[in-house]
Amino acid sequence: MKISKSVIAVAVSSVLLFGCDFDVGSENNAPANSNESGNAGVTVPNPGQPVANKLVQITDTSTTDTGELRVKLADKSTAAVLPSIAKGKITVDLTYVNDDPNQVDDGSGNYAYITLYGDDAKNDNLIGEVVLNNNGDVLYRTNQGKPDLSNSVGHFEPGKQIPVEVTWDNGEYSFKVGDDSYGPFPYSKEKATVPVQVIAIKMGDNSHTTPFKLTADNFKVYNVTDAGDEEIFTDTFESYSLGHVLSGAPYNTNSNEAVVIGEGGTTDSGSAGSAGSGNTGGAATGTVTENFENYAVGDAVDAAVYTIKGDATATALITVDPANANGKALQIKDSSTAAKPVVGREFANGAADSGSVSASFYVSDTGYIGKSSYLYLGTDAGASSKQRFTEVVIGGDSVKFREADGSTQTVLQDYTRDTWVNVTISWKGTDVTVTVDGTEYKGKVAQNVTGAPTAFAMYGGDNSSTGTVTYFDNVNSDLF
């Protein structure tokens, strides 16, 4: 989601993605050895365990979709200053890895891609594509056939991080993998005459799964001018919580199975949380304290873990992720005119003079009826305003901060409904920083009615109306 989980996003038709509607399975050979030396430090630690670096891991565990991290420059959520780039460059550090020996390799779908499209991610708009496989082969998408993959033109070392650069201009594209340069090659489709608008980093295809994974870091997009390289988009992934799934802003919602992980930390091999607790413990996505994947759809959250207030017992239930039919989320629906529904969680060690809590929210067009939803910190897991420390307010089209006077709500930034939005609230004393989809808002001051917070809560609606529906997910803090 969002922070959303190991599998997330709206599924897309196989005709949209290269490496998906093209039959490349026959071009695969036996898998390379696992990356015992190259990826041993990549872990997804439990909350509170430090990591030296964050990056995104892209997997393909579905036979109906492709693992993908997609940027569409024209999307408002990217905050890119240009909607398209006629002459440009991208740079990214990639590692092709295999650390899941238990997953069956059927010898197909083991390709990783960097793909450039025109105004949409359709075959006729393919500008160029860099392709890597599990044997360490470097290939590219030609302008022949569908278009087809080339034969191997070079080699890289699977399991080792390599810098990759792709440039394009005037009907041709070139790329570098490590120190080796390739091209220029003609654009892959003659119809691809428009500037680059969509950039995708992908793993696998739409009809197979693969035990291999692709990690990416230091992802940058440039507009190349006579005056130099103008940075249009950049992501080092440091601003996200571990376990955050990148399927919403600043990425396109067609991103899928792209989750933020850490490297250089310690590994906790503890068992996964028990069913119903929602805590995934040492599982692969266990960095998210609560991603609701261990519940069944229709379940209420565990009352032994959460404080449930108002009509939340009946209306705060686990549901299908509204952006991904394979995922789950917590839906909080206000169905009572007597009380607002609240789901809260106490901190394990009481009052925290400093700390951080993150969560994702999703507001649909039909779920917003003019009433806000909230991310609350205070000394009451039931979200009493009389015990509020600070609060983020989710309006119909903007994320706001409740100022220290308790009534003023300052807009931090706009958001688009029907997309997941990620929020982190950090504090030290009464100094508060709110991060919304990677953008930090520092220098805020907590209301601090009753002192340092002891709990976090989510709620929506109010005590006099009904109908407000908000989804929450990936509630994460080392304080729980």
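Me: Which strand gives the largest share of the lining of the largest cavity?

Reply: Strand 25 does, with three residues. A strand here is a DSSP run of E with at least two residues, a helix a run of H or I with at least four, and both are numbered from the N terminus. This is a predicted model, in which local features need pLDDT of at least 70 and side-chain atom pairs count only at pLDDT 80 or more, while totals for chains, interfaces and linings use all residues. Residues are numbered from 1 along each chain as its sequence is written, and side-chain values use heavy atoms, with hydrogens and water left out.

Me: What makes this space a cavity, and how much space lies in it?

Reply: On a 1 Å grid over the protein atoms alone, a 1.4 Å probe fits at its points but cannot get out, so it is a cavity; a pocket is instead an open set with protein on both sides within 12 Å along at least five of seven lines. About 80 Å³ lies in the largest cavity, counted as the space filled by probe spheres set on points joined across faces, edges and corners. The whole structure holds three cavities of 30 Å³ or more.

Me: Which residues line the largest cavity, and where do they come from?

Reply: Lining residues have an atom within 4 Å of a point, and 14 residues qualify for the largest cavity. Ser 239, Tyr 240, Ser 241, Asn 422 and Thr 424 lie nearest its centre. Two or more lining residues come from each of strand 20 (354-362), strand 25 (420-428) and strand 26 (431-436).

Me: Why is the largest cavity said to lie between domains?

Reply: Domain 1 (53-263) and domain 2 (288-477) both give residues to its lining, so the cavity lies between them. The domain bounds come from an automatic or database domain assignment.

Me: How do the lining residues of the largest cavity divide by class?

Reply: Five are nonpolar, eight polar and one charged. Ala, Val, Leu, Ile, Met, Phe, Trp, Tyr, Cys and Pro count as nonpolar, Asp, Glu, Lys and Arg as charged, and the others, Gly among them, as polar.

Me: And what does the largest pocket look like in volume and lining?

Reply: The largest pocket has a volume of about 610 Å³. It is lined by 31 residues, with Ser 77, Thr 78, Ala 79, Ala 249 and Pro 250 closest to its centre. Strand 14 (228-235) gives the largest share, four residues. Each of domain 1 and domain 2 supplies at least three lining residues. By class, the pocket lining has 12 nonpolar, 13 polar and six charged residues.

Me: Why is Glu 257 called buried?

Reply: Buried means under 20% relative accessible area, exposed over 50% and partly exposed in between, with a 1.4 Å probe and protein chains only. Glu 257 has 1%, so it is buried. This residue is in the loop between strand 14 and strand 15, and its phi is positive, near 55°. Most residues other than glycine have a negative phi.

Me: How do you know that Ala 383 falls in the buried class?

Reply: Its relative accessibility is 2%, so Ala 383 counts as buried. Ala 383 also has a positive phi, about 65°, in the loop between strand 21 (373-378) and strand 22 (388-394).

Me: What makes a set of residues a nonpolar core, and which members touch the most others in the largest one?

Reply: A core joins buried Ala, Val, Leu, Ile, Met, Phe, Trp, Tyr and Cys residues through side-chain atoms within 4.5 Å. The largest has 47 residues, of which Leu 69, Leu 94, Phe 175, Phe 219, Leu 246 and Tyr 251 touch the most other members. Strand 13 (residues 210-225) gives its largest share, five residues. A second, separate core of 39 residues includes Ala 359, Phe 361, Leu 377 and Tyr 415.

Me: What does Phe 219 touch?

Reply: Leaving out residues up to four places away in sequence, its contacts (heavy atoms within 4.5 Å) include Leu 69, Val 71, Phe 233, Phe 237 and Tyr 251.
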